Amino acid sequence: HASVEVRIKDLNDNPPVFAQSISQLTMFETSVLGSEVGLVSATDDDSGINAEVTYSILGGDGTFAIDATSGQITTMKVVDRETRDSYRLTVMAMDNGDPPLSSTTVVSISVLDMNDNAPVFVMFGNASISEATEVGHELFTVKAIDEDLGLAGMIEYKFFSGDYSAFGLDSTTGQVSLAVPLDYEQNSEYVFTIKASDQAANGLF
């Protein structure tokens, strides 16, 4: 009798397959280029080079890059939530067979807010009043805006410097009112500064 050995050569008949057709990733806005966003992964049931997978991003605006070998997505540009709060990428996985086979997945990236914007004043205060003005009279309102979300976008107003002894300030609305009677002969002018701060843990002003 004769011993016969038959070796089966693998054909590249299986494309790479992503675990999910749509991947949901989240990241904090950042100005640090090369920040890691998340990982996508595809498997190929073939063997040898037919199972080796290379990743790439189809189209896009260059904000993100993907490591061809690992599938790690990183930032290539500043990601600012106030400018854009979500991205949608099409990632392709291609094997190294001949001819190569490929598949794609959609990667949805949601950008989370960080406290990276300080309040900016859009309304300022200036008033000329009589010394006979009654206590409690509303003089003017200052207003600042903050483009961040949540506590990082909520503004609190406080007197910061100068002579504000005769006035009251609503910390929420920015309204300035007279707190004590005025006497022109004692003081004819008051100059003071109001600070607007957000209420995040690392509050900006």
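Me: What joins E14 to strand E15 (residues 175-178)?
Reply: Three bridges join them, and the two strands run antiparallel. Two strands count as a pair if DSSP finds at least two bridges between them, so with three bridges E14 and E15 are a pair. One of the bridges links Leu169 to Val176 in E15. The model is a predicted one, in which local features need pLDDT of at least 70, side-chain atom pairs count only at pLDDT 80 or more, and totals for chains, interfaces and linings use all residues. Residues are numbered from 1 along each chain as its sequence is written, and side-chain values use heavy atoms, without hydrogens and water.

Me: What makes E11 and E14 edge strands?
Reply: Strand E11 (138-141) and strand E14 (167-169) each pair on one side only. Their open sheet has the order E11-E15-E14, with antiparallel pairing. Its neighbouring strands are turned by 25° against each other on average, direction ignored. Angles run from 0 to 180 degrees between N-to-C directions, and axes are lines fitted to C-alpha atoms.

Me: Why is one side of E3 and of E6 left without a neighbour in the sheet?
Reply: The open sheet has the order E3-E7-E6 and is antiparallel. Strand E3 (36-39) and strand E6 (64-66) stand at the edges with a single partner strand each, so one side of each has no neighbour there. The twist averages 25° from one strand to the next.

Me: What makes E6 and strand E7 a pair?
Reply: E6 and E7 (residues 72-75) have three antiparallel bridges, and Ile66 has Ile73 as its bridge partner in E7. A strand is a DSSP run of E, at least two residues, numbered from the N terminus.

Key:
Helices (H or I, at least four residues) and strands (E, at least two) are DSSP runs, numbered from the N terminus.
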